[in-house]
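Welcome, and thanks for taking a look at this one with me. Here are my notes, in the order I would walk through the model.

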Amino acid sequence: MHMLRAATTGVAAFLGLAPRQFDADSSVYVDSVTGLKFASYTTNNQIIYRVAIPDPLPADFVYDTVLQIVSPIAVGWAGFAWGGSMTYNPLAIAWANGTHNVVVSSRIAYGYYTPPEYPTATYEVLKTGTHINATHWQVTVKCKGCSKWGDEDIGFSELDPQYQTTFGFAYSNNQVDTPSSETSSFGIHDSIGHPVYELEGAKNKDFASKVSALQRRCSPSA
Ligand code: HEM
């Protein structure tokens, strides 16, 4: 029986019939604080990047997403690339500002230099799921504009959980130049990665009502 199953798997893999080609790097994480189910990945230096999406999804793939980043306190900034590479896709860059506040900045890179602001994607920090303690800073944000991006020239990309999704991350051990400002400049990363996520596990029924029930932050400095 075992032999047979192994042989069958082998043939299916050889023919390319396996629906998922590789094991994803993400695992499913249910967050008791927000009540959301995330696809979650932890980097070698213990930064955690989690993504939650709605279920069902609209046919045009324009939907809100939730990103949660948990970072060791020593990390200066942690960035997440929704399209899996540095350039031409929405980037979320997060850092601690003081001991109470986490800033999230929406950027896009058109080359390998400090990414400028990207107003097309907007982040709303959710107070629920956002905090700083002695060892970590953590932020939970809702994004509008992170599920689909692009234009007629470069083409459109979208997050479709039917396929495995390669995200990108980058982080630096150095602080950003002006932590209180979303438009702060910052220096190059110390490390980057391209983790593969299984977004099937990130789907949440009643996503919109669950997210809107979470506490919002009144102002960036609150
Ligand atoms: C001051 C800011 C930044 C500078 C100067 C910078 C510079 C660079 C350079 C020179 C490379 C090429 C490295 C190589 O090919 O060996 C690179 C790659 C990369 N960067 Fe940045 N970067 C910056 C910010 C960011 C941010 C904020 C993110 C993500 C949120 C990011 C994500 C990546 C990724 C994923 C790669 C690997 C190549 C790719 O997938 O496109 N970078 N960066």
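1. Helices (H or I, at least four residues) and strands (E, at least two) are DSSP runs, numbered from the N terminus. The model is a predicted one, where local features need pLDDT of at least 70, side-chain atom pairs count only at pLDDT 80 or more, and totals for chains, interfaces and linings use all residues. Residues are numbered from 1 along each chain as its sequence is written.

2. Let's start with the strand pairing. β6 and β7 (residues 101-107) are antiparallel and share 7 bridges; within this pair, alanine 96 sits opposite valine 102 of β7. The two strands make a hairpin with 3 residues between them, and glycine 98 in the turn has a positive phi of about 75°. β6 also runs antiparallel to β5, with 4 bridges joining them, and here alanine 78 has alanine 94 of β6 as its bridge partner.

3. Is β6 enclosed or open? It is largely enclosed by the rest of the structure, because 7 of its 7 residues are buried (20 or more other C-beta atoms within 10 Å of a residue's own; exposed means 12 or fewer, partly exposed in between, with C-beta atoms placed from the backbone). In a regular strand the side chains alternate between the two faces of the sheet. Both faces of β6 are covered, with Leu91, Ile93, Trp95 and Asn97 buried on one side and Ala92, Ala94 and Ala96 on the other.

4. Next, the ligand. Of the 19 residues around it, Gly79, Ser85, Met86, Tyr112 and Gly168 come nearest (a residue counts as near if its C-beta atom, placed from the backbone, lies within 6 Å). Two or more shell residues come from each of β5 (77-81), β6 (91-97) and β13 (168-172), and β5 gives the most, with 3. The shell has 12 nonpolar, 7 polar and no charged residues (Ala, Val, Leu, Ile, Met, Phe, Trp, Tyr, Cys and Pro are nonpolar, Asp, Glu, Lys and Arg charged, and the others, Gly among them, polar).

5. Finally, some backbone details worth a look. Most residues other than glycine have a negative phi, and most peptide bonds are trans. Glutamine 46 has a positive phi of about 70°; it lies in the loop between β2 and β3 and counts as exposed, with 11 C-beta neighbours inside 10 Å. The peptide bond from aspartate 55 to proline 56 is cis, with omega near 5°, and proline 56 belongs to the loop between β3 (48-55) and β4 (65-72).

Key
Two strands pair if DSSP finds at least two bridges between them.
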